[in-house]
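User: I am new to this structure and would like to learn how to read its features one at a time. Please begin with the contacts between charged side chains.

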Amino acid sequence: MQTLALGLLWITALVAAQGQQTFIGTVTDTECANANHSQMQMGSTDAECTTACIFAHGAMYVLHDGNEVYRLSDQQAPEEFAGRKVRVTGRLDAETKTIKMDSIAEAE
C-alpha cells in the first residue's frame, strides 16, 4: 500500500511538472509591450515608465522576451521587477499567450 501511495505521488508530481516552462525577458506593460519606453516618456527609466503605464493607463504587466510578448497571470508579483530582466516559470496558454506564473525572479 505504501509503495502504491508513493507511486501515485510521483505520478502526480510528474504530471504537474509537464508543460512547465522557463521564460526569460523584460517585465514591461501592454502600452509599451516591446519594452521600448522612449516614446511614452512616462518616467526617466524603463521601470518608472512601466509602473506609470500600469497605474495611469490601466495597462497590464507583460513579459517581452525579445520576440514575443506574453501576458502574466499574476499582476502583483511582477510589480517589483518592472523594467528588469527576469526568469518566469510557469505554463503557457498558447491560445491567449498568457503565462500562468508559478514563480518570478531576477535573471542573472
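**Salt bridges and the fold around them**

Analyst: In this predicted model, the count of salt bridges comes to three. The criterion is a side-chain nitrogen of Lys or Arg within 4 Å of a carboxyl oxygen of Asp or Glu.

User: Which residue forms a salt bridge with K97, and how far apart are the closest N and O atoms?

Analyst: The partner of K97 is E68, and their closest N and O atoms are 2.3 Å apart. This pair links distant parts of the chain, 29 residues apart. K97 belongs to the loop between β4 (85–93) and β5 (98–106), while E68 belongs to the loop between β2 and β3 (69–72).

User: Are K97 and E68 buried or exposed, or do they fall in between?

Analyst: A residue is called buried under 20% relative accessible area and exposed over 50%, with partly exposed in between. K97 has a relative accessibility of 32%, so it counts as partly exposed. E68 is also partly exposed, because its relative accessible area is 31%.

User: Which residue forms a salt bridge with E106?

Analyst: E106 forms its salt bridge with R84, and the closest N and O atoms are 3.1 Å apart. E106 lies in strand β5 and R84 in the loop between β3 and β4, so the pair ties together parts that are 22 residues apart in sequence. As for accessibility, E106 is partly exposed at 46%, and R84 is partly exposed at 31%.

User: What can be said about the length of helix α2?

Analyst: The span of a helix can be compared with the value expected from its number of residues. Helix α2 (residues 46–57) has twelve residues and reaches 15 Å from its first C-alpha to its last, close to the 16 Å expected at 1.5 Å a residue. After α2 comes G58, with a positive phi near 70°.

User: Which residues of α2 are buried, and what do they pack against?

Analyst: The buried residues of α2 are C49, T50, A52, C53 and I54. They pack against two strands, β1 (20–29) and β2 (61–64).

User: How may I view the chain as a whole?

Analyst: Of its 108 residues, 29% count as buried. The accessible surface is about 6,900 Å², and 51% of that area belongs to carbon and sulfur atoms. Among contacts between residues at least 6 apart in sequence, 55% join residues at least 24 apart.

User: What separation do the C-alpha atoms of D93 and G19 have?

Analyst: D93 is placed in strand β4 and is partly exposed at 38% relative accessibility. D93 and G19 are 74 residues apart along the chain, and their C-alpha atoms are separated by 9.7 Å.

Key: Residues numbered from 1 in each chain as written. Predicted model: local features only at pLDDT ≥ 70, side-chain atom pairs only at ≥ 80, totals over all residues. Heavy atoms only, no water. Buried < 20%, exposed > 50% of the residue type's maximum accessible area, 1.4 Å probe, protein only. Contact = heavy atoms within 4.5 Å. Areas by Shrake-Rupley, 256 points an atom, 1.4 Å probe, with all protein chains shown as cover. Helix = DSSP H or I, 4+ residues; strand = E, 2+ residues; numbered from the N terminus. Expected span 1.5 Å × (residues − 1).
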